[in-house]
Amino acid sequence: MADLKLNKESHVSYIKSLDSKRQDYEYWLSEHLRLNGVYWGLTALCLLDAKNTFNKQEIIEFVRSCWDAKTGGFSAFPGHDAHIHTTLSGIQILATYNALDEVLEGEALKQCISFIKDNQLPDGSFQGDRFGEVDARFVYSALNALSILGELTPEVVDPAVAFIKRCYNFDGGFGLCPGAESHAAMAFTCIGALAIVGKLGELSADQFENIGWWLCERQVPEGGLNGRPSKQPDVCYSWWVLSSLAIIGKLEWISFEKLREFILKSQDPKSGGISDRPDNEVDVFHTIFGLAGLSLMGYDGLIEIDPVYCMPTSVTKTFKKYPY
Ligand SMILES: [Zn+2]
């Protein structure tokens, strides 16, 4: 396996081919994830040092068309309902292009901030939208988005941190709400949320140790990482688990060599793209998180990713650090 290599050119052309189908019905994943898909594709291109593959102005216009003047949030596709998760994607795309004020200024910016803050509930959690689905992912999305906008306040942060702490489980993992089963994606959203607001110190040394163990036990003999005990490995956990380990400074607790091999074996060597595990169909979601995992492990030739924001560090280093 020594000659397994990242096929950068084919990944760039795979993502480019997706963008040329932006108006098609069968584009990327599905319409309800379109704006998220653009963020995943753009971030993957940034890591491949091919940011200019997308037409910047066209993408900004698409993001603008997803902004909902009624609520102030972004939807996945023009005419859909705004949601916290897609609002984060819209903001991340604009920030990556250093173009936030091209879409969000004045009244629009105020409306967007209110949209995010108004979805916070009395227990500190956030609902994704007015339909009220609640979990730790939306706390992360909201704090991330407000952080990029430089609009975090103690009124928002303090109850959110209290909620996140209640999602911690004794096994060292985090659930999507207090008492829910530990899941690796929730480790990332909870630890990432605490990191964004400078509150990692709210966890004890014992908790850090337990979290590190729970995370590194996600590596299976094939080298890949799973989301929960006794589940199959999946390339996207290369991100959820590794980023969490990176944030708590325990990245070396897993075997890089075996994980790298698992991710590289999940590439489509001809047409590009990365799948959830070897020999499966590729998609843009697993492509970005596979590349992001490789970047965190310092893969040669990939641009550095920020484990907290899942954006290039060249972009995130410009964000104001809370408390301001
Ligand atoms: Zn996956």
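Student: Which residues in α2 meet residues in α4?

Tutor: L35, N36, V38, Y39, L42 and C46 in α2 meet H85, T86, S89, G90, Q92, I93 and T96 in α4, contact being heavy atoms within 4.5 Å. This is a predicted model, in which local features need pLDDT of at least 70, side-chain atom pairs count only at pLDDT 80 or more, and totals for chains, interfaces and linings use all residues. Residues are numbered from 1 along each chain as its sequence is written, and side-chain values use heavy atoms, with hydrogens and water left out.

Student: Why is C167 called buried?

Tutor: Buried means under 20% relative accessible area, exposed over 50%, and partly exposed in between (1.4 Å probe, protein chains only). C167 has 0% relative accessibility and therefore counts as buried.

Student: What makes D135 and R137 a salt bridge?

Tutor: The term requires a side-chain nitrogen of Lys or Arg within 4 Å of a carboxyl oxygen of Asp or Glu. The side chains of D135 and R137 meet at 2.8 Å, N to O, so the pair qualifies.

Student: Is D135 buried or exposed, and what of R137?

Tutor: D135, at 2%, is buried, whereas R137, at 35%, is partly exposed.

Methods. Helix = DSSP H or I, 4+ residues; strand = E, 2+ residues; numbered from the N terminus.
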